[in-house]
Amino acid sequence: MKRVSIAAGVIVNAAQDKIFITRRHADVHQGGKWEFPGGKIEANETPRQAVVRELREEVGIDATDVSPFISLDFDFPDKALSFDFFLVSRFEGEPQGQEGQHGEWAPIARLSEYTFPEANDAVLEKIRARF
């Protein structure tokens with residue numbers, strides 16, 4: 001199984017203790033679950049370049065303060081993924097779903113109430129420990 005590389009952004013509003021998340025379309029892998037916006041890293045991109053591009057395309061923001069947060073590999077029965085998650089603490093614009101997906105500012109203290117793909121467990125743990 002070919003491993004796919006993904007870059008995703010943990011978009012933080014620290015003043016309000018919230019993180020912007022989006023809900024996956026029902027008809028895609030892990031459909032209906034919440035996620036941190038991002039997508040595939042193209043052959044000519046670094047993970048940081050990919051997350052900046054993906055956030056512009058998916059949620060309409062220009063990320064200006066982007067730092068590595070956590071990297072991990074996760075194997076689903078039908079997919080093998082490598083993730084690079086970035087902390088996005090400053091950006092221009094107001095994030096919103098640009099591809100028809102629902103997005104919202106979720107209180108960090110309530111993230112456990114949202115259903116995320118299992119691959120996000122380590123990210124959620126790190127968010128809870130840090131914020």
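A hairpin joins β5 to β6 through four residues. The model is predicted.

Trainee: What makes β5 and β6 a pair?

Mentor: Count the bridges. Two strands pair if there are at least two bridges between them. β5 (62–75) and β6 (80–92) have 12 bridges, in the antiparallel sense. So they count as paired under the cut-off of at least two.

Trainee: Which residue stands opposite serine 82?

Mentor: Aspartate 73 does, and serine 82 is in β6.

Trainee: Why is alanine 119 called buried?

Mentor: Its relative accessibility is 4%. Buried means under 20%. The value of 4% falls under that cut-off, so alanine 119 counts as buried.

Trainee: Where is alanine 119, and what does it touch?

Mentor: Alanine 119 sits in the loop between β7 (103–107) and α2. It touches Leu72, Phe74, Phe76 and Phe83, leaving aside residues up to four places away in sequence.

Trainee: Why does lysine 40 count as exposed?

Mentor: Set its value against the cut-off. Lysine 40 has 53% relative accessibility, and exposed means over 50%. Therefore lysine 40 counts as exposed.

Trainee: What does lysine 40 touch?

Mentor: Contact means heavy atoms within 4.5 Å. Lysine 40, in strand β4, touches Val4, Ser5, Ile6, Glu45, Ala50, Arg53 and Glu54, with residues up to four places away in sequence not counted.

Trainee: How do you know that the buried residues of α2 line one face of the helix?

Mentor: First, name them. In helix α2 (residues 121–130) they are Val123, Leu124 and Ile127. Seen down the axis of α2, they fall within an arc of 95°, so they line one face. An α-helix has 3.6 residues a turn, so residues three or four places apart point the same way.

Trainee: Which residues are exposed on the other side of α2, and what covers the buried ones?

Mentor: Glu125 and Ala129 are exposed on that other side. The cover over the buried residues includes β1 (3–13), β2 (18–23), β5 and β6.

Trainee: What makes a residue part of the lining of the largest pocket?

Mentor: A lining residue has an atom within 4 Å of a pocket point. For the largest pocket, 26 residues line it. Ile6, Arg24, Glu35, Gly38 and Gly39 lie nearest its centre. The elements giving two or more residues to this lining are β1, β4 (38–40), α1 (47–59) and β6.

Trainee: How much space lies in the largest pocket, and what classes line it?

Mentor: About 620 Å³ of space lies there. The lining has 11 nonpolar, seven polar and eight charged residues.

Key. Residues numbered from 1 in each chain as written. Predicted model: local features only at pLDDT ≥ 70, side-chain atom pairs only at ≥ 80, totals over all residues. Heavy atoms only, no water. Buried < 20%, exposed > 50% of the residue type's maximum accessible area, 1.4 Å probe, protein only. Arc of directions from axis to C-beta. 1 Å grid on protein atoms, 1.4 Å probe; cavity = no way out; pocket = protein on both sides within 12 Å on 5 of 7 lines; lining within 4 Å. Points joined across faces, edges and corners; volume = space filled by probe spheres on them. Nonpolar A, V, L, I, M, F, W, Y, C, P; charged D, E, K, R; others polar.
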